[in-house]
Amino acid sequence: MPSMLEKLEALRASITEKAPYRAGVLDVDPEDLILFYGKSREARRIDFSDVTSEDLEHLATTCDPASFGMNNEDVLDESYRKAGKLDSKFFASRLDLNSTGLLAMALDDLMEGGDDQQGVEAEIYKLNVYGEGSFFKAHLDTPRGSNMFGSLVIVFKTPHEGGSLIIRDHGREWTFDSAEAVATNEGPCVAYIAFYSDVEHEVTPVTKGYRVTLTYNLYFKRDPPTEHLQLKSDSENVKAHLQALLDDPSFLPKGGYLGFGSNRLYPVPRVNIDEDYADIVDNLKGSDAVLMSAFKDLSLKIRPRAAVRKQWSSDNVYVLLPKMYDLRQTFDDSTGPLITCLRTEYKGLVISNQYARADNTSDDSDSSDQDGGYDDGQSPDVDILWVNKLEGHTELYCPIATYGNEANLNHIYTYVCFVAGIGPYGARLQRTWKGKNKLL
Ligand SMILES: O=C(O)CCC(=O)C(=O)O
Ligand SMILES: [Fe+2]
C-alpha cells in the first residue's frame, strides 16, 4: 500500500507538462505554396514549389529589418534578432490552415487532445526571411490578448541550412531542425511548429540559403467558453491519483487546502490588472487545464489565485490574493509593513509554504521556505499543502520582464496558483466546504 505522501507524489508526477510544442512536416498541393507580396502598387508572386534564388533574394530585399520587444519597447538590435519581416498587410498566402489540415495537425497533442480546432483561431502575424547569419535569440512571444495561448510557425521548403527552433520549458530542451525536415521530405510540403507562446524559444543562425516563415498567433475563440481542450486520458490519470488521496484517511483528515503552482504563464492586462481571474479559467493551457478539469469532475472547488511575494526580499513569505492587483504604484523597496497592508487593503492572506514530499516529509532543502521572515512576526493565516513547489511565482511587481517578439502591448505574463478546498475525510466532496478562512 503506498503511503499518503507517496500518493501525493504520484499526483504531482501526473500533472507535469508534456512537450509544450508540436512539430512536423505536411505534404501540401503546389497551389498552397503560392504567395503574393509587395509594399507598393506592384505585387509579386512567388511559388515555393518552384522557387529560384532570384525569387528569394527579391523577397528578402523587400523585407524590413525585424524588431523585437524588450519589455514595453520595440527594439532593433541585430545582436538579438537578425531577420527580415513583412507585416501582414504586405503579403497574402494561399496556404489555408484548415483545408490543408495544418491547424489540426499542429494542435493535436499540443492542445491536450485538441483535434477540436473549432474553438481556435489562427491569426496571420508576419512573414519572416532569415538569410545567412540570421537568428532570433531566446524570447517568449508577446501576448496579444488574454485568450492568446500559442504561436504557429510555418517554414517553406526552400534550400537552406541551420535555423533550427530550440524550445525550453521547465529545465527541458527540444530542437526542431525545420530545414532538414523539409529537405528530406519529397514533394511539396511545409514544416510546422506550434507551441505555447509563453514557452522560451530561439532560432539558431541560418548558415546557408534563405529560411522563409509565416507566423500566426493562436487564440481560444469560445463563445461561450466550453470545456477546455484536453486529453481525456490525462485527466483520468490525474483524477485517479486525486481520488486515491481523497480515499486516504490520513490525507487532510479534517479538510484543508491543496495548492498547485501553474505550469504555464497567463496574460493579464498590463493596466487595470485588478481584474479577476475569470479570463484565466477560460484560457487554461496544457496540464493546468487537465488539473482544473480533474477537480471539477470530482466536484471539488478549485480557483486560480495570485501568490505574491516581495521581489526585493530574501524571505519567502507569500501572500495569497483573490486576484492580481497592480501593486507597482503602491509599494516600493522602502515600503514598510507590506504584509499588513496586503492583508487589510487587498484581502491578502499570508500562506504557509508547506511542501510535502514522500522522501523527507516536508521540503527542507531550503528551510527558510518554511518559517523564514514573516514580517511583523506574523504567522500564516492559512495552511496550504502545496503539491508542487511555489517558486518563481508572482513577484509583487508581477510583470515578468521579457524579451518578446514585439513590445508588450496591453498584456503581461504572470504565473498563477490554483487552490482547491478538500472536505474532511468522509465528506470530501462537500462542494460548499470553505474552511475557516473563506478562501474560496
Ligand atoms: O521562425 C521560427 O521558428 C520562430 C520565430 C519566432 O520565434 C518569432 O517570430 O517570434
Ligand atoms: Fe517567437
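# Exercises on strands, cores and a ligand shell

R168 has E200, in strand 17, as its bridge partner. Strands (E, at least two residues) and helices (H or I, at least four residues) are DSSP runs numbered from the N terminus. The model is a predicted one, in which local features need pLDDT of at least 70 and side-chain atom pairs count only at pLDDT 80 or more, while totals for chains, interfaces and linings use all residues. Residues are numbered from 1 along each chain as its sequence is written, chains are lettered from A and ligands numbered from 1 in the order in which they are written.

**Exercise 1. How many helices and strands does the protein chain have, and what share of its residues is buried?**

Step 1. Count the secondary structure: the chain has nine helices and 30 strands.

Step 2. Apply the burial cut-offs: a residue is buried if 20 or more other C-beta atoms, placed from the backbone, lie within 10 Å of its own, exposed if 12 or fewer, and partly exposed in between. Of the 440 residues in the protein chain, 43% are buried.

Step 3. Turn to contacts, meaning pairs of residues whose C-beta atoms, placed from the backbone, lie within 7 Å. Taking contacts between residues at least 6 apart in sequence, 81% join residues at least 24 apart.

**Exercise 2. Which strands pair with strand 14, and which way do its side chains point?**

Step 1. Two strands pair if DSSP finds at least two bridges between them. Strand 14 (residues 165-169) pairs with strand 17 over four bridges, in the antiparallel sense. With strand 15 there are five bridges, and that pair also runs antiparallel.

Step 2. L165 is opposite V203 of strand 17, and I167 has W174 of strand 15 as its bridge partner.

Step 3. Read off the side chains, which alternate along the strand.

Step 4. Look at the turn. Two residues lie between the strands in the hairpin of strand 14 and strand 15, where H170 has a positive phi near 45°.

**Exercise 3. Describe the residues around ligand 1.**

Step 1. Take the residues near the ligand (C-beta atom, placed from the backbone, within 6 Å of it). They are N128, F136, D141, V153, L165, H201, V203, T213, T215 and N405.

Step 2. Assign them to elements: strand 17 (200-203) and strand 19 (211-220) are the elements that give two or more residues to this shell.

Step 3. Sort by type, with Ala, Val, Leu, Ile, Met, Phe, Trp, Tyr, Cys and Pro as nonpolar, Asp, Glu, Lys and Arg as charged, and the others, Gly among them, as polar. The shell has four nonpolar residues, five polar and one charged.

**Exercise 4. Which residues touch the most other members of the largest nonpolar core?**

Step 1. A nonpolar core is a set of buried Ala, Val, Leu, Ile, Met, Phe, Trp, Tyr and Cys residues joined through C-beta atoms within 7 Å. The largest has 59 residues, and A106, L152, Y192, I193 and A194 touch the most other members.

Step 2. Strand 16 (residues 189-196) contributes the most to this core, namely eight residues.

Step 3. With neighbours within four places in sequence left out, A106 contacts R22, L152, Y192 and A194. Another core lies apart, with 50 residues, including L252, L265, A289 and I351.

**Exercise 5. L252 and K347 both take positive phi; is each buried or partly exposed?**

Step 1. Phi is near 40° at L252 and near 55° at K347.

Step 2. L252 is in the loop between helix 5 (232-246) and strand 20 (256-261). K347 is in the loop between helix 8 (338-345) and strand 24 (349-351).

Step 3. L252 counts as buried because it has 21 C-beta neighbours inside 10 Å. K347 has 14 other C-beta atoms within 10 Å, so K347 is partly exposed.

**Exercise 6. Locate A92 in its sheet.**

Step 1. A92 lies in strand 9 (residues 91-93), and is partly exposed because 14 other C-beta atoms lie within 10 Å.

Step 2. The open sheet has three strands in the order 3-2-9, with antiparallel pairing. Its edges are strand 3 (44-47) and strand 9.

Step 3. Strand 2 (residues 34-37) and strand 9 are joined by three bridges, and Y37 has F91 as its bridge partner.

Methods. Contact = placed C-beta atoms within 7 Å.
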